[in-house]
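Student: Before we discuss the architecture, please display the sequence and the model.
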Amino acid sequence: MGRLKQKGKAGAAKAYVTRSSAVKKLQCSLADFRRLCILKGIFPREPRHRKRANKGSTAPTSFYYAKDIAYLAHEPVLNKLREHKAFAKKISRALGRGRRGMLRRDHERHWLIKFRYPSFVDAVRDIDDALCMVFLFASLPSSPRVSPALIENCARLTAEWQLYVMHTRSLRNVFLSIKGVYYQAEVMDQNVTWLVPYQFPQNIPSDVDVRVMLTFLELYQTLLGFVFFKLYTDAGLVYPPPLDSGKDESGAANPNPATGALKGDASKVSSKEVRQTIKNITAESSSVPPADVDIDRTDSFPNAAEEEFVPQTSKSDLDVPSSLPTLLSLSSLPILSSTNIFAPYTFWLSRETSRSIFEFLIRSFGGRIGWPVSSGGGSPYAEDDEAITHVIIDRPAAKGDTAQERERRRRRKYVQPQWVVDCINAGKILLEDLYAQGKTLPPHLSPFGERDGAYDPTIGLANVENSLIDNAELSEDSQEAEDCATSMAALAVAAADDPEALRAAELAAEAAGIDFGAFEKEVQKKQKQQKQKEDAVVDRGGEEDMNKILMSKRKRQLYERMKYGEKKRATEHAKLEEKRTKIEKDRRRKARAS
């Protein structure tokens, strides 16, 4: 006789643990449990059967894997949190006794980063959320829940990231959305996408738990400190980059990141020195180079001659030697021309455009930029400078220009801000006429990886316009003939199934003056098309049914969800196409009437 199964001892009831049970098992508070899960990357799970996992109860709760909770029970971070809690009690006791000499301790998080990200590429691949969080807190106002020092540190991290992206020309795509500006850069062959909110007054909603976000931010700041130190070091730059406090207070441009060799041999740098450098990330920089002086980059490959490999013969083809890419060959590859599309141009920002956004975009692609005093000091160009080729303006054209303004408009290109973003996404300089001041802009599409067959409003417009032109050239007689043919086709479709309906359609066609021979041909054509369509549907449906029979239940459900999604997307695509055609026809009709 086999062993009897007890309820709640196997299956989902054993694999999952509720949050209250986990907190009770770990013997910690709910706040410490949340903090521990965030630091270790453990998230709630959704079981297939909540009632089974909750041992027959239907009460709403959160579930975790029992293995994850058992793993947390032996985690050193838990001991650190307990020690910190005991230390906090000692502090409160000392303050009650009047002893104010004790300082607050905090546990180090550097070993958590090394544990969660074994390789540097893993850390770069996971900085998307960190950048979004840091840029969000950099735009928030200080409050009792968010300290000014925290906001200042986030602003410093954002400036360091933008400096690196501008220096390495790694920005690839930009999208202006309602929520903010989406950027995508290519770092270490990894696509990094982050969101930057617009510069509007922000407030922290009262229903948002800032403590959870601050716990994430605590981990993300440490992660970005490690990643930035490695990126700057590999690029031959000094980290942290020096900052001119005077120009920063006046709102001047960010200086070029300073370059230089690291102190000592890079291969002999210990982990202790790295941690100390990151701890002293806010240290004062006494030797600040001027912003307009470009310091030569150090040679990142001092032993490049030793990196060359001897070409070896291929095992499959002995006559063809294999070409292995080396570090020297990869570093000597030419830079993409699309990363320097703004190099020949000098831009002037109008006062209503966002300087922080377009300064970052234009400098990331080799351009030069100036701005008025109202946007901040330190502009390298004046408004009447002869080197300015483009003016980014976002207001309607004014009447009554002076002779000097007319001369400037003759020598410069006045474009709207979308032109800069569309040029970056296209990888080339687009025509400025479509983006001229006061003109209706073309659609701004997302440059990120869309699915195949997604709706694209720029495709097929030429066909619609050609058909509209052909329809406009038709005379009234041809329009009447087209209406008769349409009505005949409608009658043929209605009469294709029922003989009585067919007889009624014949009488209606005869009364309308339609030739019986043409009507008969149209009916036969429609019947043939309908039969072919039905046969194709039956054949395809039978084959799909056979395939679904051979699938497991899980795969069959997944397949049905995929087909449902495809059908839903096709319906949305057809609706958008129909709407676009209707809008184009209305626009053409109004233009023809006027």
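Tutor: Two strands count as paired if DSSP finds at least two bridges between them. Please note also that this is a predicted model.

Student: Which residue in strand 9 stands opposite Val 391?

Tutor: Strand 8, residues 390–392, pairs with strand 9 in the parallel sense over three bridges. Within this pairing, the residue of strand 9 that stands opposite Val 391 is Tyr 414.

Student: Which strands stand at the edges of the open sheet?

Tutor: The open sheet consists of four strands with parallel pairing, in the order 7-6-8-9.

Student: At what angle to strand 7 does helix 15 run?

Tutor: Helix 15, residues 355–364, lies across strand 6 (346–349), strand 7 and strand 8. Its angle to strand 7 is about 160°.

Student: How many residues does helix 11 contribute to the largest nonpolar core?

Tutor: The largest nonpolar core has 83 residues, and Trp 161, Tyr 183, Trp 194 and Leu 361 have the most contacts inside it. Tyr 183, for its part, touches residues including Val 192, Trp 194, Phe 360 and Leu 361. Helix 11 supplies the largest share of this core, and its contribution is twelve residues.

Student: Which helices are among the elements that cover the buried residues of helix 9?

Tutor: In helix 9 (128–138), the buried residues include Leu 131, Met 133, Val 134 and Phe 135. Their cover includes strand 5 (190–196) and, among the helices, helix 8 (120–125), helix 10 (148–168) and helix 11 (210–234).

Methods: Residues are numbered from 1 along each chain as its sequence is written. This is a predicted model: local features need pLDDT of at least 70, side-chain atom pairs count only at pLDDT 80 or more; totals for chains, interfaces and linings use all residues. Side-chain values use heavy atoms; hydrogens and water are left out. Buried means under 20% relative accessible area, exposed over 50%, partly exposed in between (1.4 Å probe, protein chains only). Helices (H or I, at least four residues) and strands (E, at least two) are DSSP runs, numbered from the N terminus. Contact means heavy atoms within 4.5 Å. Axes are lines fitted to C-alpha atoms, for helices over the stretch in contact, and angles run from 0 to 180 degrees between N-to-C directions. A nonpolar core is a set of buried Ala, Val, Leu, Ile, Met, Phe, Trp, Tyr and Cys residues joined through side-chain atoms within 4.5 Å. Lists of a residue's contacts leave out its neighbours within four places in sequence.
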